Amino acid sequence: MIILGIDPGYAIVGYGVIHKDERGNCSVIDYGAINTPKEEDFPVRLAMIQDGMKALMSKFKPDAVAVEELFFSQNITTGIAVAEARGVILCTAIQNVSKVFEFTPVQIKLAITGTGAADKKQVQFMTKTLLKLKSVPKPDDAADALAVALCLAQTNTKLLNSDVQIFTNNNLKKSDNKSLLKKGNKK
């Protein structure tokens with residue numbers, strides 16, 4: 001099974017692709033980041049993120065996508081922009097992959113380190129160790145994305161192998177697009 005983990009952002013979207021074999025062992029296929037230039041208009045940056053996500057889907061053909069949920073407490077303006085980018089990521093994922101899962105930072109820390117109070121360095125060290133890497137992946141966003149993918153691999157074995165799904169593109173295909181578009185009443 002191929003799992004794509006995503007650490008959302010609008011300047012940098014970290015991604016990590018892992019393979020989980022029948023025995024439950026995980027190995028890295030690839031990791032990196034989708035970068036958008038700060039001098040570009042925000043809608044253009046969102047389109048770049050969408051194009052990057054489509055390219056990842058096409059290249060790696062993941063069976064499932066795991067996306068980190070947002071947590072921000074100080075800069076609401078940045079948080080809103082990241083939330084908009086995350087919306088693009090989720091929409092692109094569900095249109096291209098059969099299963100999409102979301103995890104909070106605490107869930108990811110707990111799955112990777114055994115404690116939801118772990119700091120970033122602890123998560124990165126355990127991600128490196130669990131995936132048998134020589135060093136912590138760079139950029140940090142890619143290391144975080146690998147941790148998100150590992151979280152899914154370690155915590156949802158039954159969900160990944162069953163018909164029970166969090167979000168599915170089957171739900172999307174079942175919707176009647178005509179019913180989504182309503183004409184206004186002219187008076």
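A residue counts as buried when its relative accessible area is under 20%. In this predicted model, Arg86 has a relative accessible area of 10% and is therefore buried. Arg86 belongs to helix α2. Setting aside neighbours within four places in sequence, Arg86 contacts Pro8, Val67, Glu68, Glu69, Leu70 and Glu102.

In soluble globular proteins, nonpolar side chains tend to be buried together. The largest nonpolar core here has 22 residues, and Leu4, Ile6, Met53, Leu56 and Val65 touch the most other members.

Not counting residues up to four places away in sequence, Met53 touches Leu4, Ile6, Ile34, Ile89 and Thr92. Another core, of 21 residues, lies apart from the largest one; Cys26, Ala64, Phe103 and Leu152 are among its members.

**Packing of α4 and α5**

Helix α4 (residues 120–130) packs with helix α5 (residues 140–155) at an angle of about 65°, and their axes are 10 Å apart. Angles of 65 to 115 degrees count as roughly perpendicular, so α4 and α5 are roughly perpendicular to each other. Their crossing is left-handed. On the α4 side the contact is made by Lys120, Val123, Gln124, Thr127 and Leu130, and on the α5 side by Asp140, Ala143, Asp144, Leu146, Ala147, Leu150 and Gln154. Of the residues in this contact, 6 are nonpolar, 3 polar and 3 charged.

Definitions and conventions
Residues numbered from 1 in each chain as written. Predicted model: local features only at pLDDT ≥ 70, side-chain atom pairs only at ≥ 80, totals over all residues. Heavy atoms only, no water. Core = buried A, V, L, I, M, F, W, Y, C linked by side-chain atoms within 4.5 Å. Buried < 20%, exposed > 50% of the residue type's maximum accessible area, 1.4 Å probe, protein only. Contact = heavy atoms within 4.5 Å. Axes fitted to C-alpha atoms, helices over the stretch in contact; angles between N-to-C directions. Helix = DSSP H or I, 4+ residues; strand = E, 2+ residues; numbered from the N terminus. Parallel < 35°, antiparallel > 145°, perpendicular 65-115°, else oblique. Left-handed = near helix turned anticlockwise from the far one by under 90°. Nonpolar A, V, L, I, M, F, W, Y, C, P; charged D, E, K, R; others polar.
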